[in-house]
Amino acid sequence: NLYSETGELIAPIRSVHMRMLRFINGSLFQRLRLTNYGRSTLPVSLILKLGADFKDIFELRGIKRKNRGMHFPIRIEGNIIVFQYKGLDAITRYTTVVCDPCPEEVKLIDDAVWLYYVFNIQPKDRVYLYWCIIPSVEKIDVSDQASSGRISVSFTNSALEQIKSYNQWIEKCTRFESDRININQMITQTISDLWTLQTEYPHGKGIDAGVPWFATPVSYTHLT
């Protein structure tokens, strides 16, 4: 059961369902769906903390750097948050977060951004929250749909593109089937994993290993 700070019952057990969907298609798209299966209106207060440290792969693996680049002040423009960093290589990198809908309140505390959402979910109803995280180099790259806050449209269009790409991949793949359900499921999952490891290069697509820690093209011998 979900109770308020005063001990009042807000939502009985199994009356609220949360589902998070995310995928990468140029940018990272993320959607949170909240469903109220209860018989009464559900008041919801949701707080998210955002940050970007721009650490490199070696720092993520525990290596300490003597020197780092420079973080710029975080920019908040309505439903758009921009993190900016200039590395020791003199290259400026951006991480832009676009929210849809716009939070009720956005606070900048130290080196993090806090998003506050407040809404009511009617019985048997759903609420969707969307975010688009866009990495870019030397300039901020935000699509028209993202800049206008219509991430829901971009999310749907990008998801359909991913489904179409995946179906085309499946049709071209060699398939093996056995009389064992578990083996068939393993083969299907393996094909899906290979699809997610695809990387676009100037000369065409390749399959990389080690994602997200590093990217190394995989030869056919590694797949046997």
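Modeller: Start with a definition: two strands pair if DSSP finds at least two bridges between them. Keep in mind that this is a predicted model.

Colleague: How do you know that E10 and E11 count as a pair?

Modeller: Strand E10 and strand E11 (residues 112–121) share five bridges, and at least two are required, so they pair. The sense of the pairing is antiparallel. One of the bridges joins Lys 107 to Trp 114 in E11, and Lys 107 belongs to strand E10.

Colleague: What is the order of the strands in the open sheet?

Modeller: The three strands run in the order E5-E11-E10, paired antiparallel.

Colleague: What makes E5 and E10 edge strands?

Modeller: Strand E5 (42–50) and strand E10 (105–109) each pair on one side only. From one strand to the next, the twist averages 20°.

Colleague: Why is Lys 107 called partly exposed?

Modeller: Its relative accessible area is 35%. Buried means under 20% and exposed means over 50%, so a value in between is partly exposed.

Colleague: Which residues does Lys 107 contact, leaving aside its neighbours within four places in sequence?

Modeller: Those contacts are Ala 112, Val 113, Trp 114 and Tyr 116.

Colleague: Which residues touch the most other members of the largest nonpolar core?

Modeller: In this core of 22 residues, they are Ile 81, Phe 83, Leu 115, Tyr 117, Phe 119 and Leu 129. E11 gives the largest share of the core, five residues. A second, separate core has 12 residues, among them Tyr 94 and Phe 155.

Technical notes. Residues are numbered from 1 along each chain as its sequence is written. This is a predicted model: local features need pLDDT of at least 70, side-chain atom pairs count only at pLDDT 80 or more; totals for chains, interfaces and linings use all residues. Side-chain values use heavy atoms; hydrogens and water are left out. Helices (H or I, at least four residues) and strands (E, at least two) are DSSP runs, numbered from the N terminus. Axes are lines fitted to C-alpha atoms, for helices over the stretch in contact, and angles run from 0 to 180 degrees between N-to-C directions. Buried means under 20% relative accessible area, exposed over 50%, partly exposed in between (1.4 Å probe, protein chains only). Contact means heavy atoms within 4.5 Å. A nonpolar core is a set of buried Ala, Val, Leu, Ile, Met, Phe, Trp, Tyr and Cys residues joined through side-chain atoms within 4.5 Å.
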